[in-house]
Amino acid sequence: MINAINELRAAAIKSLDAAVDPSTLEQWRIEFLGSNGKLKEAMARLKSAPREQKPELGRLANELKVALETEFAAAKSRMSADPPAASVDVTLPGVDLGSGSRHILTRTIDEIIEAFARMGFSVADGPEVEDEWHNFTALNIPEGHTAREATDNFYMGEHAGIKRLLRTQTSTVQIRALEAQKPPLKIVAVGRVYRPDTHDATHFSMFHQIEGLCIDRALSMVDLKTALIQFAGAYFGKDAEVRMRPSFFPFTEPSAEVDMKMEVRGQLQWVELGGCGMVDPHVLQAVGLDPEEWSGYAFGLGIERIAMRRYGIADIRWLYENDARFLRQF
Ligand code: DAH
């Protein structure tokens with residue numbers, strides 16, 4: 001009888017070691033600890049044992065019961081803490097999360113900056129919340145000029161007697177750069193600008209410009225046009241052309257509007273991209289440079305205009321709606 005109990009213990013332990021998943025473990029529980037299981041069966045047989053052996057056998061049987069229950073609990077908690085590798089089917093296909101891509105405007109900006117960087121321009125920037133000095137005064141836009149009107153600007157109140165506004169043009173960075181660096185310098189700056197325009201297919205109250213500024217000795221319109229032609233060739237391809245039409249900007253003299261010939265839906269077309277000119281002497285004086293010694297050219301181009309024409313985007317608002325169906329096309 002004692003042997004039978006020891007054999008049962010050995011068989012139970014051996015079979016428990018072989019139970020590798022929850023269902024074989026449950027089968028083991030039914031086989032050994034179940035109400036019709038082998039332990040119950042062995043205990044029932046104790047009844048027929050000789051009277052004087054009963055206390056000893058009873059103690060052994062109870063010990064076995066406790067031992068098996070403990071082993072079972074341990075095996076069960078091991079299994080739930082550490083699911084066997086066999087339950088993960090590594091051959092199942094994964095869930096495709098899709099891959100994102102950079103926004104078409106971001107890509108355009110990066111490509112434009114790269115083209116200018118290869119031409120020797122370094123990258124500058126300035127704040128979007130500006131003061132009147134950088135947005136107007138230093139750029140030769142005098143007090144009372146229509147460009148300063150409340151309806152054309154997002155004014156943000158005064159701070160320490162200085163009126164602040166969301167910048168309306170990246171030309172502010174011309175002043176920021178000249179305050180921070182000594183000429184000669186050659187910079188481009190890309191950033192957001194803000195104007196209270198009514199939204200439609202070609203107007204949005206926030207958009208991006210790229211500003212260029214080169215200050216050196218004895219620069220002329222030739223240098224300006226050369227830079228624009230080089231950029232057009234690098235960015236739009238060798239068929240690109242640049243056209244300048246006389247215009248007026250307070251911060252350049254002479255001033256011109258810039259058109260570039262680019263491919264629009266397979267056809268070369270003139271697209272108006274922004275303004276340019278020779279830096280006005282008043283601007284140089286505003287940052288403490290002697291206009292007799294220094295000269296400069298500047299330009300400002302609209303990023304959305306470039307991207308919209310280049311990629312056939314008919315409505316500027318689509319660029320800001322974050323509709324994945326639109327964004328996925330690029
Ligand atoms: N700041 C002008 C605008 O927003 C664009 C511009 C024109 C920039 C001529 C320039 C420039 O640097 O020389 O309309």
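Is alanine 160 buried or exposed, at 73% relative accessibility? Alanine 160 counts as exposed, because its relative accessibility is 73%; exposed means over 50% relative accessible area, buried under 20% and partly exposed in between, with a 1.4 Å probe and protein chains only. The phi angle of alanine 160 is near 50°, a positive value in a residue other than glycine.

The model is predicted: local features need pLDDT of at least 70, side-chain atom pairs count only at pLDDT 80 or more, and totals for chains, interfaces and linings use all residues. Residues are numbered from 1 along each chain as its sequence is written, and side-chain values use heavy atoms, with hydrogens and water left out.

A second residue with positive phi is arginine 265, where the angle is near 45°. Arginine 265 counts as exposed because its relative accessibility is 69%.

We turn next to the ligand. Around it stand 15 residues, of which Gln169, Ser171, Arg195, Gln209 and Glu211 come nearest; a residue is near if one of its heavy atoms lies within 4 Å of the molecule. This shell divides into five nonpolar, eight polar and two charged residues; Ala, Val, Leu, Ile, Met, Phe, Trp, Tyr, Cys and Pro count as nonpolar, Asp, Glu, Lys and Arg as charged, and the others, Gly among them, as polar.

Two cis peptide bonds may also be located. One joins proline 183 and proline 184, with omega about 0°. The other joins glutamate 253 and proline 254, with omega about -5°.
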